[in-house]
Amino acid sequence: MEGLAQQIDTRMERLGFEKEKRAFRPHVTLARARESRIDSSLVASSEKYEQHDFGSFTVDRFYLFQSTLKPTGAVHDKLKQYLLEPRSS
């Protein structure tokens with residue numbers, strides 16, 4: 001994923017976008033909350049799984065989404081699908 005992020009940064013820079021200054025940290029967003037009381041209870045309940053091994057999986061594609069914030073919440077539109085080639089050992 002780090003190599004993919006570097007390729008995206010390089011190509012976006014060629015299009016005139018500023019290169020990301022922060023270190024790449026792959027993540028998955030599991031939830032979002034607007035109210036801090038919900039945020040803190042979500043964090044507290046998730047801490048019990050901090051050391052849990054959820055296993056592994058192979059990623060064969062990813063999607064580019066556009067996120068639009070609206071008063072009713074974020075709307076995510078899938079813009080494109082990218083298929084990944086299998087990695088040779």
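The model is predicted, with local features requiring a pLDDT of at least 70 and side-chain atom pairs counted only at pLDDT 80 or more, whereas totals for chains, interfaces and linings use all residues. Residues are numbered from 1 along each chain as its sequence is written, and side-chain values use heavy atoms, with hydrogens and water left out.

The secondary structure comprises 2 helices and 2 strands, where helices (H or I, at least four residues) and strands (E, at least two) are taken as DSSP runs and numbered from the N terminus. Along the sequence these elements follow the pattern α-α-β-β. Among the elements, the lowest mean pLDDT, 72, belongs to helix α2 (residues 36–46), while the highest, 91, belongs to β2. Where pLDDT is low, predicted coordinates should not be read in detail. Of the 89 residues, 2% count as buried, a class defined by a relative accessible area under 20%, with exposed meaning over 50% and partly exposed lying in between (1.4 Å probe, protein chains only).

Strands β1 and β2 are joined by a hairpin through 2 residues and pair in the antiparallel sense over 10 bridges, pairing being assigned if DSSP finds at least two bridges between two strands. Within this arrangement, Q66 has D77 of β2 as its bridge partner.

The largest pocket has a volume of about 2,400 Å³. A pocket is here an open set of points on a 1 Å grid over the protein atoms alone, where a 1.4 Å probe fits, with protein on both sides within 12 Å along at least five of seven lines; grid points are joined across faces, edges and corners, and the volume is the space filled by probe spheres set on the points. Its lining, made up of residues with an atom within 4 Å of a point, contains 46 residues, of which M1, L4, I8, F24 and F62 lie nearest the centre of the pocket. Two or more lining residues are given by each of α1 (2–14), β1 (61–70) and β2 (73–83), and α1 gives the most, with 10 residues. By class, the lining has 24 nonpolar, 10 polar and 12 charged residues, where Ala, Val, Leu, Ile, Met, Phe, Trp, Tyr, Cys and Pro count as nonpolar, Asp, Glu, Lys and Arg as charged, and the others, Gly among them, as polar.

Helix α1 also holds E2, which counts as exposed at 51% relative accessibility. The C-alpha atoms of E2 and P26 are separated by 8.0 Å, although these residues stand 24 residues apart along the chain.

A total of 4 salt bridges was counted, each requiring a side-chain nitrogen of Lys or Arg within 4 Å of a carboxyl oxygen of Asp or Glu. One of them links K19 to E13 at 4.0 Å, N to O; K19 is partly exposed, with a relative accessible area of 37%, and E13 is likewise partly exposed, at 41%. In another, the closest N and O atoms of K21 and E18 are 2.0 Å apart, and both of these residues are exposed. The side chains of D60 and R61 also meet in a salt bridge, at 3.1 Å from N to O, with D60 partly exposed at 41% relative accessibility and R61 partly exposed at 34%.

Terms used
pLDDT is the predictor's confidence in each residue, from 0 to 100.
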